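User: I am new to this structure. Please take me through the terms as they come up.

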Amino acid sequence: MTRLSPRTALLLTLPPLLWAGNAVVGRLVVGSVPPLTMNFLRWVLAALLLLPLGWRVLRAPGELRTRWPYLLLTGTLGVGMYNALQYLALVSSTPINVTLIASSMPVWMLAVGALFYREHPGPKQILGALLSLTGVLFVIARGDPHALLSVRFVRGDLYVIVAIIAWAFYSWLLARPPGAMRGDHKPAWHWAEALLLQVLFGLLGAGAAAALEQAAGTYAIRWDRGWTWAALAYVAVGPAVLAYRCWGLGVATAGPALAAFFSNLTPLFAALMSAAVLGEPPRWYHGAAFVLILAGIAVSGRRG
């Protein structure tokens with residue numbers, strides 16, 4: 001088990017913070033930007049930001065021809081599916097609900113690792129997952145366990161489940177790319193080059209989905225609203241480029257299983273942001289959930 005350093009903890013904390021903002025912004029733009037179109041435009045802007053940093057990778061077509069299946073798969077899972085499904089979910093669900101359901105990530109991450117990578121979770125990882133999920137249930141129940149009996153999930157919640165399964169596979173593919181166990185040559189791509197390739201391949205699926213959405217007669221983008229531009233800029237810079245860079249570094253250092261526990265911070269950040277936007281103060285159970293989630297991270301990150 002990798003010891004969790006302060007630097008790695010910071011790298012894995014920033015993405016949940018930025019992704020919580022992504023959920024809140026995604027909810028705010030409902031009715032102004034269609035969800036699949038939102039995902040496509042987001043990654044087009046991200047590609048334009050990454051192009052000055054990673055354009056040199058496009059000068060090695062041989063490497064691209066060799067690894068295009070891997071790049072297409074990671075791009076589809078991490079760029080095309082995950083974010084598109086999240087924006088679709090926010091049409092009928094709330095940011096807190098979406099991020100809470102996504103907090104089952106450690107369970108899916110451990111399951112994918114055990115089934116496909118022979119990485120079986122130890123007792124501390126299982127205990128850490130239970131502690132983190134208990135914290136999530138605190139927020140769902142608003143501090144009242146009986147309230148769990150009345151929780152209702154909508155169609156958007158199912159989109160989130162599919163999205164987090166896709167993200168679990170994406171994270172494992174980052175840490176264990178095909179051929180790594182055989183000692184195959186790994187290209188010396190800079191982080192911006194690798195992310196640019198994922199985005200470009202992911203845009204194939206994202207663009208096709210947006211085109212189908214437009215062909216189905218969805219509503220037009222409200223460019224007359226100034227915050228539409230601000231929302232697109234935020235989701236392209238923060239949750240896309242910065243968060244993916246930090247997540248990639250964190251996963252490479254700590255491993256996918258431990259990194260997944262940090263994703264449980266997203267609903268707490270989303271709750272605080274939603275409270276700020278709606279003018280509602282945080283409740284005591286948010287603090288209790290925060291402590292439990294941190295305890296889950298601490299337990300799963302210990303040696304032995």
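Analyst: First, a definition. On a 1 Å grid over the protein atoms alone, a cavity is a set of points where a 1.4 Å probe fits but cannot get out; lining residues have an atom within 4 Å of a point. This is a predicted model: local features need pLDDT of at least 70, side-chain atom pairs count only at pLDDT 80 or more, and totals for chains, interfaces and linings use all residues. Residues are numbered from 1 along each chain as its sequence is written, and side-chain values use heavy atoms, with hydrogens and water left out.

User: Which residues line the largest cavity?

Analyst: The lining consists of W19, Y82, Q86, T99, A102, M105, W167, S263 and T266. The volume of this largest cavity is about 90 Å³.

User: What is the lining of the second largest cavity made of, by class?

Analyst: It has 7 nonpolar, 1 polar and no charged residues. Ala, Val, Leu, Ile, Met, Phe, Trp, Tyr, Cys and Pro count as nonpolar, Asp, Glu, Lys and Arg as charged, and the others, Gly among them, as polar. G26, V29, V30, V33, P35, M38, Y87 and V91 form that lining.

User: Why is T228 called buried?

Analyst: Buried means under 20% relative accessible area (1.4 Å probe, protein chains only). T228 has 0%, so it is buried.

User: Which residues does T228 touch, beyond those up to four places away in sequence?

Analyst: S32, V33, I221, R222 and W223. Contact means heavy atoms within 4.5 Å.

Key
Buried means under 20% relative accessible area, exposed over 50%, partly exposed in between (1.4 Å probe, protein chains only). On a 1 Å grid over the protein atoms alone, a cavity is a set of points where a 1.4 Å probe fits but cannot get out, and a pocket is an open set with protein on both sides within 12 Å along at least five of seven lines; lining residues have an atom within 4 Å of a point. Grid points are joined across faces, edges and corners, and a volume is the space filled by probe spheres set on the points.
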